Amino acid sequence: MMVGLDVGVLLPAFAPSGSGAGRSGTFREYRTESHMALSNIRVVLVRPTHPGNIGAAARAMKNMGLRQFSLVSPSGFPHAEARARAAGADDVLDAARLFGSLEEALAGCRLVVGTSARPRSIAWPSLDPREAAAKIVEESTHGQVALIFGAERTGLTNEQLDRCHYTVSIPADPQFSSLNLACAVQVMTYEIWCAASRPFPGALPDTAVAGPDVPPVSSEDLDRFYAHLEEVLVQIRFLDPANPRKLMRRLMRLFNRSRPDHNEMNILRGILTAVQQAQRGVIFDKTRRESQN
Ligand code: SAH
């Protein structure tokens, strides 16, 4: 079984209209449960002053599968510039909810993460963007989560950061670490999309373990390997079938975790076969020596 199916049960997603997705089989799109939970993540802009940034943030969100957009006391909204920069994410813009205070915008959230151009780890627990995204995605499978961004010129105030469970800073040149507001939204929402795409929140993608052109072996191959391994372990008396304890389970867990590819599996099976041959050789040599005695 593919490890990816263990946690992120794949669900059919919305197909782009006219693509014939899901029918012809030529183009199939899937989202994991984590992607479904992205609807529980709200992006909150606090007192944004440039309508263009509001539009660009909406576009960044839609690119990354997020829809819940909240604006706290924005200046100049709605605005033609926001619509122009949204470039097709009008639906996210139109559904944006307006609030008079951050407190109202955060109602019902179980986790609040604030973004800051300056690391302020002394006062607030901080995460890097990837850790924050993993945390956000994980929590979003249980309930509402907010990711908040400050005003272009001033950022989030200390009082606003006090409302955050964590702060996150996007690493950048310390001499010039303040990103454009919508760019910061893009970076964070990208990390969130990536975190939702991983089989296990926070884990490395499968491709980091086995390159895409060397696929991991099938579960049948693994089963054959486990049978072979057990046979050898019994033969060399490392495993007592009368008292197996949890040895095979632990070894299976080890190999399942490492997800060997075909080449690696061939090496492992080769080693097992060599052990069996060597063992036969020992017996043969012993017999020969005994017969010589
Ligand atoms: N002078 C402000 C910068 C505000 S930029 C400050 O020092 O905080 C506007 C918003 O974009 C910030 O409040 C934050 O939400 C986001 N942002 C900009 N650069 C960021 C970075 N490097 N890491 C995280 N968020 C950033």
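Start by selecting helix α9: what covers its buried residues includes α2 (33-36), β3, α3 (51-63), β6, α7 (129-140) and β8. Here, a residue is buried if 20 or more other C-beta atoms lie within 10 Å of its own, exposed if 12 or fewer, and partly exposed in between, with C-beta atoms placed from the backbone. Helices (H or I, at least four residues) and strands (E, at least two) are DSSP runs, numbered from the N terminus.

Before you click on, remember that this is a predicted model: local features need pLDDT of at least 70, side-chain atom pairs count only at pLDDT 80 or more, and totals for chains, interfaces and linings use all residues. Residues are numbered from 1 along each chain as its sequence is written.

**Stop 1: helix α9**

Select residues 181-197, the 17 residues of α9. From first C-alpha to last, α9 reaches 25 Å, close to the 24 Å expected at 1.5 Å a residue (the expected span is 1.5 Å times one less than the number of residues). Now show its buried residues, among them Leu181, Ala184, Val185, Met188 and Ile192. An α-helix has 3.6 residues a turn, so residues three or four places apart point the same way.

Turn the view and you'll find α9 lying across β3, β6 and β8, at about 150° to β8. Axes are lines fitted to C-alpha atoms, for helices over the stretch in contact, and angles run from 0 to 180 degrees between N-to-C directions.

**Stop 2: the sheet**

Next, colour the strands. You have an open sheet of 7 strands, paired parallel in the order β5-β4-β3-β8-β6-β9-β7. At the edges are β5 (97-99) and β7 (126-127), each pairing on one side only. Also packed on the sheet is α3, which touches β3 and β4 (68-72) and makes about 165° with the direction of β3. Two strands pair if DSSP finds at least two bridges between them.

**Stop 3: strand β8**

Pick residues 145-149. How many of the residues of β8 are buried? The count is 5 of 5. Val145, Leu147 and Phe149 sit on one side, with Ala146 and Ile148 on the other.

Now bring in the partners of β8. Strand β3 (residues 41-46) runs parallel to β8 and is joined to it by 5 bridges. Click leucine 45 to find its bridge partner, phenylalanine 149, then arginine 42 to find alanine 146. Strand β6 (residues 111-115) also pairs with β8 in the parallel sense, over 4 bridges; there, glycine 114 stands opposite isoleucine 148.

**Stop 4: around the ligand**

Select the 18 residues around the ligand: Phe149, Gly150, Gly155, Ile170 and Ala184 come nearest. A residue is near a molecule if its C-beta atom, placed from the backbone, lies within 6 Å of it.

**Stop 5: threonine 141**

Finally, go to the loop between α7 and β8 and select threonine 141. Is threonine 141 buried or partly exposed? It counts as partly exposed because it has 15 C-beta neighbours inside 10 Å. Leaving out residues up to four places away in sequence, threonine 141 touches Glu33, Ser34 and Ala37, where contact means C-beta atoms, placed from the backbone, within 7 Å. Threonine 141 and isoleucine 41 are 100 residues apart in sequence, yet 9.5 Å apart in space, C-alpha to C-alpha.

Methods:
Contact = placed C-beta atoms within 7 Å.
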